[in-house]
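Reader: I am new to this structure and would like to go through it by question and answer. Please show it to me before we start.

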Amino acid sequence: MNLNDDFSLRATQLADTAAWQPSPLPGVERRLLDRVGDEVARATSVVRYAPGSRFDAHTHGGGEEILVLEGVFSDETGDHPAGTYLRNPPGSRHAPFSQAGCVLLVKLWQFAADDLTPVRIDTRAEPWRQGLVPGLTVMPLHEHDGVSTALVRWAPDTRFNPHRHPGGEEIFVLEGVFRDEHGSYPRHSWLRNPRWSQHTPFTGPEGALIFVKVGHLGASFMAPAVA
């Protein structure tokens, strides 16, 4: 199953047009954003756990990156409430579950082979840094070999300069409405801009909070073995 697998193209999915699909386990559904492969795949998804649902213990051969969007996500390392950012490196193993239900942003097989440090960040408690323009604050989450991940908070009516992303850019909107010259993206919308693309992002009266990853399109990541 391939979806939005041409990374040279711009891709978007608005939350109100997205469809949920069942996963192989009861009580767990997915909104597929991009995917290259079948059940073992380079993939970006929104994953929804019904209360009491769980996955069997499994190993992430290519690593797993998670941002908890709603509820509480749990595994052997503890309970991870909304706002928790997690990185389970290649070779890590866990048996995740959710007692009360949760919604996650999940990225699989998007790790460099030497990116082996587990990460656990409670973004509700981390400090914000001043961004490049007034009205913009940034919370760095992870950086490795030119691939950077952060939360960016946009005050209402903030405008950024026109700019290019040599390594591409991926955005998931957490709060408010993010905008650029191509459209408006409300809460839980997703967009991926290819390498060397240019845009001029801004916000209106709602402001926005976004999850942003840059430099990863064209990066050297581990790849699932092909049978």
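Reader: How many salt bridges are there?
Author: The model is a predicted one. A pair is counted when a side-chain nitrogen of Lys or Arg lies within 4 Å of a carboxyl oxygen of Asp or Glu. By this rule the number of salt bridges is 11.

Reader: Which residues are linked with Glu65 and Lys213 in a network of salt bridges?
Author: Glu65 and Lys213 form a salt bridge themselves, at 3.1 Å from N to O. Glu65 belongs to strand 8 and Lys213 to strand 23, 148 residues apart. Both of these residues are buried. The network that contains Glu65 and Lys213 also includes Arg87 and Asp115.

Reader: Is Arg179 buried or exposed?
Author: Arg179, in strand 19, pairs with Glu206, in strand 23, and their salt bridge spans 2.9 Å from N to O. Glu206 is partly exposed because its relative accessibility is 40%. The cut-off for buried is under 20%. Arg179 has 17% relative accessibility, so it counts as buried.

Reader: Where in the chain is Arg187, the partner of Glu70?
Author: Arg187 and Glu70 form a salt bridge, with their closest N and O atoms 3.0 Å apart. Glu70 is in strand 8, 117 residues from Arg187. Arg187 itself is in the loop between strand 20 and strand 21.

Reader: Which residues touch the most other members of the largest nonpolar core?
Author: This core has 18 residues. Strand 8, strand 19 and strand 23 are among the elements that give two or more residues to it. The residues that touch the most other members are Leu67, Leu69, Leu105, Leu151, Phe172, Leu174 and Phe211.

Methods: Residues numbered from 1 in each chain as written. Predicted model: local features only at pLDDT ≥ 70, side-chain atom pairs only at ≥ 80, totals over all residues. Heavy atoms only, no water. Core = buried A, V, L, I, M, F, W, Y, C linked by side-chain atoms within 4.5 Å. Buried < 20%, exposed > 50% of the residue type's maximum accessible area, 1.4 Å probe, protein only. Helix = DSSP H or I, 4+ residues; strand = E, 2+ residues; numbered from the N terminus.
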